[in-house]
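Hi there,

Here is the structure I promised to hand over. Have a look at it first, and my notes follow below.

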Amino acid sequence: MAWLGEVYEAAAAAYLMGDTPFLLMQWTHAAQRTVVAERLAQLIAGNIDHPHRELMWGAPGTLLAALFLHQSSGEPRWMDLFVQTAAKLWSQLVWSDEFQCYYWTQDMYGKQSTYLDGVHGFVATAFVLIKGRHLLDQQDWQQWEQRIVQTMERTASQDGDFANWRAHLITPQGEMPRMLMQFCHGAPGFVICLAELPDGALDSVLLRAFSGRQAPRPLFKYG
């Protein structure tokens with residue numbers, strides 16, 4: 001990936017920007033998978049501590065790669081990498097006294113963000129954990145589910161029959177709060193990412209988000 005230039009080594013594992021997606025395609029079609037699998041295992045393991053903590057560049061993306069590889073092969077090592085990555089992400093959750101929920105920071109592009117969205121943010125990571133919940137111990141998944149539900153409820157802006165989510169938990173200083181209707185920022189991405197959450201814990205707010213023909217006004221004070 002020459003276009004990445006000097007950041008290539010640090011970004012090689014990126015699920016949407018690096019070598020990982022190409023290696024996954026190669027692994028799927030290769031007659032001899034061993035060499036490709038070894039490289040994928042190295043990339044996934046090496047990405048666990050990545051500071052971006054989001055789907056495009058960080059550990060949540062390679063978490064999704066580990067899930068795909070386990071679903072396709074059944075090999076225990078992919079499950080082990082999924083569980084290890086999930087445990088690291090759990091340890092990196094930050095508590096907000098203001099919003100009474102957990103969140104991740106994303107250290108990327110020279111600044112720290114608190115994205116909630118379906119690409120860089122909290123719900124994108126939640127999506128992978130929901131998809132791979134069968135690989136986690138039941139108790140671990142129950143704790144994950146509790147935190148996902150808590151954060152999504154506490155960060156939703158609801159106005160009558162409508163619901164939406166802002167781009168950041170904490171709006172960067174000098175920026176105006178953004179309430180968008182995109183996959184990457186807004187209700188469409190949240191509905192898709194949370195659609196398979198079991199037990200219907202978020203059904204009420206997701207139905208409001210699904211029917212949202214407008215973005216409701218933010219209901220929280222922004223930092």
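In this predicted model, the axes of helix 3 (residues 34-46) and helix 5 (residues 76-91) come within 10 Å and cross at roughly 15 degrees. Angles under 35 degrees count as roughly parallel, so helix 3 and helix 5 are roughly parallel to each other. Their crossing is left-handed. On the helix 3 side, the contact is made by Ala37, Glu38, Leu40, Ala41, Ile44 and Ala45, while helix 5 brings in Arg77, Trp78 and Leu81. Sorted by class, that contact of helix 3 with helix 5 has seven nonpolar residues, two charged ones and no polar ones.

Two backbone spots may also interest you. Gln100 is not a glycine, yet its phi is positive, at about 60 degrees. Gln100 sits in the loop between strand 1 (94-96) and strand 2 (101-103), and it is partly exposed, with a relative accessible area of 37%. Asp199, likewise not a glycine, has a positive phi of about 75 degrees. You will find Asp199 in the loop between helix 8 (187-194) and helix 9 (203-210); with a relative accessible area of 69%, Asp199 is exposed.

As for the whole chain, the protein has nine helices and six strands, and 51% of its 223 residues count as buried. Among contacts with a separation of 6 or more, 61% are between residues 24 or more positions apart. The protein exposes about 10800 Å², with carbon and sulfur atoms supplying 53% of that area.

How values were computed. Residues are numbered from 1 along each chain as its sequence is written. This is a predicted model: local features need pLDDT of at least 70, side-chain atom pairs count only at pLDDT 80 or more; totals for chains, interfaces and linings use all residues. Side-chain values use heavy atoms; hydrogens and water are left out. Helices (H or I, at least four residues) and strands (E, at least two) are DSSP runs, numbered from the N terminus. Buried means under 20% relative accessible area, exposed over 50%, partly exposed in between (1.4 Å probe, protein chains only). Contact means heavy atoms within 4.5 Å. Accessible areas come from the Shrake-Rupley method with a 1.4 Å probe; for residues, only the protein chains shown count as cover. Axes are lines fitted to C-alpha atoms, for helices over the stretch in contact, and angles run from 0 to 180 degrees between N-to-C directions. Angles under 35 degrees count as roughly parallel, over 145 as roughly antiparallel, 65 to 115 as roughly perpendicular and the rest as oblique. A crossing is left-handed if the near helix is turned anticlockwise from the far one by less than a right angle, and right-handed if clockwise. Ala, Val, Leu, Ile, Met, Phe, Trp, Tyr, Cys and Pro count as nonpolar, Asp, Glu, Lys and Arg as charged, and the others, Gly among them, as polar.
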